[in-house]
Amino acid sequence: MSTGLPQGYRHVGTGRVREVVGLGYDDLTEGLTIEHRPGRTITETDNTLITTLSGNDAPIHLDAAYAAHTPWGRILVCSAVTLAVVGGMTARSVSGLTTANLGMDDVRFTHPVFVGDTLYAETEITGRRTSRSRPDTGVVTCRTTGHNQDGAPVVTFTRTFLAPLDPHAVRTLTNY
């Protein structure tokens with residue numbers, strides 16, 4: 001990164017900067033925790049679209065009259081929505097330059113999510129190593145937790161992905 005630039009930007013020409021997307025392998029040090037912003041308020045449209053797109057037509061996610069008779073007393077946001085939103089929050093910083101997700105493990109939904117809840121995410125880098133089969137990448141493992149507006153954890157998961165060893169070369173090649 002050039003000196004004298006705002007954090008999160010790189011110089012790409014005279015009087016011109018570009019936002020930095022994604023971190024490289026060297027940036028993703030074990031123990032680093034990243035708080036992802038902005039948060040995302042879940043809407044009824046989010047829940048309806050992602051729930052029906054996934055083929056999950058369980059009435060607890062779509063039918064307010066049915067959901068009124070459940071312990072929640074209202075529509076429960078589908079877990080696929082929660083996972084997609086929280087996972088998506090992490091992409092810009094943690095894996096914006098990844099070439100592949102390798103796995104998602106230990107997914108746990110720990111608190112209900114309802115329409116109108118605002119979700120936030122944080123990711124801790126839990127491990128990393130250089131790839132044995134791809135000499136230009138590292139294998140990074142992280143643990144992400146999504147919280148609601150009250151700080152209650154709603155989802156946790158572990159994800160493993162490939163990160164470039166030379167993020168500057170990737171940014172130059174891809175015009176990022």
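**Notebook: contacts, backbone and pocket**

I started with Thr-144: beyond residues up to four places away in sequence, Thr-144 touches Val-86, Thr-90, Ala-121, Glu-122, Thr-123, Val-155, Thr-156 and Phe-157. I count a contact when heavy atoms lie within 4.5 Å. The model is predicted, so I keep to pLDDT of at least 70 for local features and to 80 or more for side-chain atom pairs, while totals for chains, interfaces and linings use all residues. Residues are numbered from 1 along each chain as its sequence is written, and side-chain values rest on heavy atoms, without hydrogens or water.

**Thr-144, continued.** I placed Thr-144 in strand β6, residues 137–147. Helices (H or I, at least four residues) and strands (E, at least two) are DSSP runs numbered from the N terminus. Is Thr-144 buried or exposed? Thr-144 counts as buried because its relative accessible area is 0%. My cut-offs, with a 1.4 Å probe and protein chains only, are under 20% for buried, over 50% for exposed, and partly exposed in between. I also noted a polar contact at 2.9 Å between the side chains of Thr-144 and Thr-123. Such a contact is a pair of N or O atoms within 3.5 Å; within protein, one must be able to donate a hydrogen and the other to accept it, and residues adjacent in sequence count only if both atoms are side-chain atoms.

**Thr-158.** I then looked up another threonine, Thr-158, which sits in strand β7, residues 153–164. Its relative accessibility is 14%, so Thr-158 is buried. Which side chain does the side chain of Thr-158 meet in a polar contact? The partner is the side chain of Arg-143, at 2.8 Å. With neighbours within four places in sequence set aside, I listed the contacts of Thr-158 as Gly-103, Met-104, Asp-105, Asp-106, Thr-141, Cys-142 and Arg-143.

**Asp-106.** I followed up Asp-106, one of the contacts of Thr-158. Asp-106 belongs to strand β4, residues 101–109. Its phi is positive, about 50 degrees, although Asp-106 is not a glycine. I noted Asp-106 as partly exposed because its relative accessible area is 47%.

**Asn-175.** I found a positive phi, near 65 degrees, at Asn-175, a residue other than glycine. Asn-175 lies in the segment after α5. Its relative accessible area is 55%, so Asn-175 is exposed.

**Cis peptide.** I logged a cis peptide bond between Arg-37 and Pro-38, with omega about 5 degrees. Pro-38 is part of strand β3.

**Leu-5.** I found Leu-5 in the segment before β1 (9–13). Leu-5 is partly exposed because its relative accessible area is 22%. Its contacts, leaving aside neighbours within four places in sequence, are Arg-10, His-11 and Val-17.

**Charges over rings.** I checked for NZ of Lys or CZ of Arg within 6 Å of a ring centre and within 35 degrees of the ring normal. The charged end of Arg-74 sits over the ring of Phe-114, 3.6 Å from the ring centre. Arg-128 lies over the face of Tyr-25, with 4.2 Å to the ring centre.

**Largest pocket.** I ran a 1 Å grid over the protein atoms alone, where a pocket is an open set of points that fit a 1.4 Å probe, with protein on both sides within 12 Å along at least five of seven lines, and lining residues have an atom within 4 Å of a point. The lining of the largest pocket has 23 residues, and those nearest its centre are Val-20, Gly-22, Leu-23, Arg-92 and Ser-93. The elements giving two or more residues to this lining are β3 (33–41) and α5 (167–174). Which element gives the largest share of the lining? Strand β3 does, with five residues.

**Whole chain.** I counted five helices and seven strands, in the order β-β-β-α-α-α-α-β-β-β-β-α along the sequence. The C-alpha atoms fill a box of roughly 60 × 40 × 30 Å along the principal axes. Of the 176 residues, 38% are buried. Among contacts with a separation of 6 or more, 67% join residues 24 or more positions apart.
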